[in-house]
Amino acid sequence: MIDSYDIVVIGGGHAGCEAALAAARMGAETLLFNINLDSIALMSCNPAIGGLAKSQLVKEIDALGGEMGRVTDKTAVHFRLLNASKGPAVQSTRMQCDKQLYRLTMKATLENQTNLHIRQAMVESLVVEDGKVLGVIDASGHFYSAKKIVITTGTFLNGLVHIGPSQTPSGRAGELASVGLARQLQSLGFDMGRMKTGTPPRLKASTIDFSILERQDSDPDPAPFSFMTSALRTERLPSYFAATREETHCIIRDNIRQSPLYSGAIQGVSARYCPSLEDKVMRFGERASHPVVLEHEGLDTQEVYAKGLGNSLPLELQYAIVHSVRGLEQAEIMRPAYAIEYDFVQPTQLQMTLETKHISGLYLAGQINGTSGYEEAAAQGIWAGINAVLALAGAPPFVLDRSEAYTAVMIDDLVTRGVDEPYRMFTSRAEYRLILREDNAVLRLMGKGCELGLIDRAHYLDLLNQKKRIEEGIRKLQSSPVKPTPEINERLAALSSPPITHAVNLYSLLKRHEIAYDDLNGFPGWEPQDDRFVKKQIEIETKYEGYIRRQFEATKKLKEQEKIKIPPDFDYASVPGLSNELQTKLTRIAPATIGQMGRIPGMTEGAVSAVLIMIKKKELQNAAC
């Protein structure tokens with residue numbers, strides 16, 4: 001028996017779902033494998049989508065025609081706008097979902113997608129000949145032919161779960177690890193490493209005393225993630241805040257050798273920015289407490305996610321830790337916390353398309369590339385799926401630069417710099433974050449999604465109409481004069497804004513940080529805006545006009561450098577004055593452009609200039625021939 005497909009996606013996590021949907025929607029016959037179909041799109045750690053810098057990724061996925069934002073809107077039960085009091089560049093949406101409903105909704109989307117086929121099976125090996133993928137073989141020995149393969153295995157490659165001294169080969173608690181595929185990737189010559197992550201305990205809601213904890217309700221008027229969402233769910237669940245105490249810390253310090261993190265049992269590298277509770281206590285001994293956030297995992301379950309209590313200690317110590325927290329004295333652990341270590345592929349071995357450099361037709365996305373987080377995985381998934389289909393058709397690749405998307409910043413970081421710990425997206429990683437906001441992702445990327453066939457043209461025309469209204473709204477503000485009359489200055493005083501002494505326009509008044517668009521109601525020339533998106537864009541574009549203009553000007557140099565391509569077979573040993581260290585690094589990473597070369601750690605301006613001169617010299621030699 002032989003099944004033949006255009007694209008095979010291995011792994012049905014957040015990266016795999018987006019890769020498979022993008023490929024199928026672009027017309028490719030696609031097959032998605034998952035070890036257990038009931039765990040497709042499972043939120044294996046926290047029950048939320050979005051957050052600082054992550055919401056920008058979700059919005060970009062949505063603008064390109066991906067699914068994460070749509071499913072989140074359908075299943076969210078708690079809504080927060082983070083950094084609401086700060087500027088728009090760092091504002092980020094976070095939605096807490098009903099975890100099982102999220103999984104089922106995404107699974108139904110996959111099952112009903114044309115061109116997409118789903119199989120429950122363990123992929124044991126790739127079939128590779130002459131440096132090119134030909135298909136995969138599952139655990140039963142069945143061969144599936146494929147022109148392109150996308151691997152999105154998450155934490156399943158050689159996964160090993162730790163709870164105290166107990167070690168269980170597993171890709172996630174209760175699920176099989178992918179051992180054969182991990183071994184084959186290593187045998188194919190990939191430079192691989194080992195990383196560690198973890199998840200906190202799940203507690204039974206009826207055994208928690210919520211009455212003595214600080215409660216946080218949803219924002220009253222949340223905005224959806226997806227431009228296609230007309231209304232959000234009305235059901236809401238609160239979150240609660242607690243904290244560890246000195247008793248908690250004493251339990252951990254007295255038993256720290258029972259943690260596999262400190263006994264030497266765990267070899268994988270963990271993330272500095274998201275330490276386990278053991279790490280927090282041992283590294284920050286001066287802290288009297290650490291925050292604990294309790295989030296309901298769904299409308300119809302008793303399970304509560306105890307953020308901040310993640311550890312890998314034995315179960316009896318986990319009970320002691322949980323019971324030491326105020327409000328959790330009688331709490332029952334439904335699922336214990338655990339640590340998991342797993343294999344990853346060093347992402348400098350990838351091209352910007354996420355295709356591997358030495359095996360044609362093989363793409364990697366998600367935690368296999370050393371990243372952490374649902375959103376980072378999903379963004380890589382849609383990127384890899386799109387590029388796999390374009391490669392099938394012989395079309396130019398889909399690649400953005402760092403000034404166009406957070407997703408591009410992440411992928412450029414991965415393939416240029418590599419990783420030495422689980423990579424997480426931060427707003428600080430994006431040099432052009434003021435023009436890469438979550439609120440303008442559709443304006444930046446929906447046109448590209450439409451060109452790819454992932455966005456319906458009617459939706460894009462609606463966006464173009466909104467964009468026209470934004471431009472007209474700004475012009476109206478600029479052409480509406482306001483004179484310094486007593487009535488006008490009284491209105492300004494009521495807004496705690498200084499008086500004007502000479503004629504200005506509404507545009508200049510809206511630039512004032514204390515004045516919002518609707519505050520100008522009643523001023524001459526003001527017009528109401530019933531479209532929430534249009535109004536917000538007018539306000540942001542007006543208030544931050546100078547900063548935005550400077551960032552756009554700063555991107556010009558980047559775009560010029562990205563235009564200068566470096567031949568894939570460029571011989572760095574032929575460049576005079578280039579150190580052996582840089583020759584080795586450049587040969588290994590093989591940057592695609594001068595811009596990417598300049599971002600490699602340790603690169604010097606002199607080295608960039610030397611390579612640029614050699615490229616020009618060879619171009620002249622070729623032209624002469």
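# Briefing: helix packing and buried sites

The model is predicted.

**Helix H12**

- Helix H12 spans residues 441-451 and is mostly covered.
- Eight of the eleven residues in H12 are buried.
- The buried set in H12 is Ala441, Val442, Arg444, Leu445, Met446, Gly447, Gly449 and Cys450.
- The cover over these buried residues includes helix H2 (54-63), helix H13 (457-478) and H16.

**Helix pair H3 and H4**

- Helix H3 (residues 68-75) packs on helix H4 (residues 99-111) at an angle of about 135°. Their axes are 9 Å apart.
- H3 and H4 are therefore oblique to each other.
- The crossing of H3 past H4 is right-handed.
- H3 contributes Met68, Val71, Thr72, Lys74 and Thr75 to the contact. H4 contributes Leu101, Tyr102, Thr105 and Met106.
- By class, the contact of H3 with H4 holds five nonpolar, three polar and one charged residues.

**Helix pair H6 and H9**

- Helix H6 (residues 246-254) and helix H9 (residues 315-323) cross at roughly 160°. Their axes come within 8 Å.
- An angle over 145 degrees counts as roughly antiparallel, so H6 is roughly antiparallel to H9.
- H6 and H9 make a left-handed crossing.
- On H6, the contact residues are Thr248, Ile251 and Ile252. On H9, they are Leu317, Ala320 and Ile321.
- The contact of H6 with H9 has five nonpolar residues, one polar residue and no charged residues.

**Strand residue His162**

- His162 sits in strand S10 (residues 160-163).
- The relative accessibility of His162 is 0%, so this residue counts as buried.
- The side chains of His162 and Glu341 form a polar contact of 2.9 Å.
- Setting aside residues up to four places away in sequence, His162 touches Gln167, Pro260, Ala265, Ile266, Ser312, Tyr338, Ala339 and Glu341.

**Strand residue Tyr342**

- Tyr342 belongs to strand S19 (residues 338-345).
- With 1% relative accessibility, Tyr342 counts as buried.
- A polar contact of 3.5 Å links the side chain of Tyr342 to the side chain of Gln367.
- Beyond residues up to four places away in sequence, Tyr342 touches a list of residues that includes Gly154, Thr155, Leu157, Asn158 and Gly159. Gly193, Arg194, Met195, Lys196 and Thr197 are also among them. Gln367 and Thr371 are touched as well.
- Tyr342 and Ile368 are 26 residues apart along the chain, and their C-alpha atoms are separated by 8.8 Å.

**Loop residue Ser178**

- Ser178 is placed in the loop between strand S11 (166-169) and helix H5 (180-187).
- Ser178 is buried, at a relative accessible area of 3%.
- Not counting residues up to four places away in sequence, Ser178 touches Met122, Val123, Phe156, Leu157 and Asn158.
- Ser178 and Ile10 are 168 residues apart in sequence. From C-alpha to C-alpha they are 11 Å apart in space.

**Loop residue Ala365**

- Ala365 is in the loop between strand S20 (362-364) and helix H10 (374-392).
- The relative accessible area of Ala365 is 0%, and the residue is buried.
- Not counting residues up to four places away in sequence, Ala365 touches Ala15, Ile151, Thr152, Gln380, Gly381 and Ala384.
- Ala365 and Arg245 are 120 residues apart along the chain, with 40 Å between their C-alpha atoms.

**Loop residue Asp531**

- Asp531 lies in the loop between helix H15 (506-510) and helix H16 (532-543).
- Buried means under 20% relative accessible area, so Asp531, at 17%, counts as buried.
- The side chain of Asp531 reaches the backbone nitrogen of Phe533 at 2.9 Å.
- A polar atom of the Asp531 side chain also lies 3.1 Å from the backbone nitrogen of Val534.
- Leaving aside neighbours within four places in sequence, Asp531 is in contact with Gln466 and Arg469.

Terms used
Residues numbered from 1 in each chain as written. Predicted model: local features only at pLDDT ≥ 70, side-chain atom pairs only at ≥ 80, totals over all residues. Heavy atoms only, no water. Helix = DSSP H or I, 4+ residues; strand = E, 2+ residues; numbered from the N terminus. Buried < 20%, exposed > 50% of the residue type's maximum accessible area, 1.4 Å probe, protein only. Polar contact = N/O pair within 3.5 Å; in protein donor to acceptor, adjacent residues only side chain to side chain. Contact = heavy atoms within 4.5 Å. Axes fitted to C-alpha atoms, helices over the stretch in contact; angles between N-to-C directions. Parallel < 35°, antiparallel > 145°, perpendicular 65-115°, else oblique. Left-handed = near helix turned anticlockwise from the far one by under 90°. Nonpolar A, V, L, I, M, F, W, Y, C, P; charged D, E, K, R; others polar.
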